[in-house]
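Subject: Structure handover

Hi,

Here is the structure I promised to pass on. Please open it next to this email and follow along.

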Amino acid sequence: MTTNNPPALELRNVSRSFGGVRAVDDVSLAVRSGTLTSIIGPNGAGKTTLYNLVSGRLRPDAGRILLRGEDVTGLPPHAVARRRLARSFQVTNVFMGLSVFQNVRAAVIARRGAGRRWFADVESDRSLREDTQRLLAQVGLAEQAPRPCRTLAHGDRRIVEIAIVLALEPNVILLDEPTAGMNPHETLRIVALVRDLQRETGKTFLLTEHDMKVVFAVSERIVVMHQGRVIADGAPDAIRGDAEVRRAYLGGVVA
């Protein structure tokens, strides 16, 4: 059955250069709502620049970026976020001195537009507390709620960051190297969490990741970049056997 719904995210001939280097080179991409797509490529392929363009941290030199059909090209990050796109970063971005609960609650407050009430009695706000507790239960951190984030294991800190992203109620979620620096046990936990969240929430996930086991475990679709361009785009099995992808990775990384 056909649908007239626009893609959750669409890039049309997007380019961005730094000096004489084209970090993103004429990239066109349409991401269907409710899917999980991984964007992979060797170091320097343009993945981070692409994320920075989509999230508003950089302006493209050419091309257009659309969220659910709305042109957001060149909008600043806060304006893109208001259109319900959220992003996690490679480096964990939480308040180490605050508890797990306080970190996620701050994101709920921000999403509600209640920043001016920061010094109000948030402790007595029942709906705020319930929203925060629900999010912590959703990512499996309910029992960790009172702990300061500085006392958490690295994997748990990354999960707090995912909870913060979910608290903003985005339609499109960009996860940037979510398993970076993790041990195998933590990596498996993140893989299971991302799978479950995508299935349970129906949100659109984009993932950049160097761990190919993670990529092939969670992705419905894989987009491969090399030297700023998309060189392959398809289902995991098709990408695994793509000769150009193997050459880009110098043989073996996607085996």
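In which sense do strand S7 and strand S8 pair, parallel or antiparallel? They pair in the parallel sense. S7 covers residues 172-176 and S8 covers residues 204-208, with 5 bridges between them. To find one of the bridges, go to Ile-173: its partner in S8 is Phe-205. Keep in mind that this is a predicted model.

**The sheet**

S7 and S8 belong to an open sheet of 6 strands. Read across it, the order is S6-S7-S8-S3-S9-S10. The pairing is mixed. At the edges are strand S6 (85-87) and strand S10 (229-234), and each of these pairs on one side only. On average, neighbouring strands are turned by 20° against each other, direction ignored. As background, strands of a sheet pair through backbone hydrogen bonds, in either a parallel or an antiparallel way.

**Helices on the sheet**

Helix H5 spans residues 154-167 and packs on this sheet. H5 touches S6 and S7. Its direction makes about 160° with that of S7. Next, look at helix H6, residues 184-201. H6 lies across strand S3 (36-40), S7 and S8. Against S8, H6 runs at about 160°.

**The hairpin**

Now go to the start of the numbering. Strand S1 (residues 9-18) and strand S2 (residues 21-31) pair in the antiparallel sense. There are 7 bridges between S1 and S2. Leu-11 stands opposite Leu-29 in S2. The two strands form a hairpin, with 2 residues between them. Check Gly-19 in the turn: its phi is positive, at about 65°.

**Around Ile-239**

Ile-239 sits in helix H8, residues 236-240. Is Ile-239 buried or exposed? Its relative accessibility is 2%, so Ile-239 counts as buried; the cut-off for buried is under 20%. What does Ile-239 touch, leaving aside neighbours within four places in sequence? Its contacts are Phe-216, Ile-222, Val-224, Ala-232, Asp-233, Gly-234 and Val-245. Take Ile-222 from that list. Ile-222 and Ile-239 are 17 residues apart along the chain, yet their C-alpha atoms are separated by 7.0 Å.

Phe-216, one of those contacts, has another partner to look at. Arg-240 lies over the face of Phe-216, at 4.2 Å from the ring centre.

**Aromatic pairs**

How many aromatic pairs are there? The count comes to 0.

Best wishes

How values were computed. Residues are numbered from 1 along each chain as its sequence is written. This is a predicted model: local features need pLDDT of at least 70, side-chain atom pairs count only at pLDDT 80 or more; totals for chains, interfaces and linings use all residues. Side-chain values use heavy atoms; hydrogens and water are left out. Helices (H or I, at least four residues) and strands (E, at least two) are DSSP runs, numbered from the N terminus. Buried means under 20% relative accessible area, exposed over 50%, partly exposed in between (1.4 Å probe, protein chains only). Contact means heavy atoms within 4.5 Å. Two strands pair if DSSP finds at least two bridges between them. Rings of Phe, Tyr and Trp (its six-membered ring) pair if their centres lie within 6.5 Å; planes under 30 degrees apart count as stacked, over 60 as edge-to-face and the rest as tilted. A charge sits over a ring if NZ of Lys or CZ of Arg is within 6 Å of the ring centre and within 35 degrees of the ring normal. Axes are lines fitted to C-alpha atoms, for helices over the stretch in contact, and angles run from 0 to 180 degrees between N-to-C directions.
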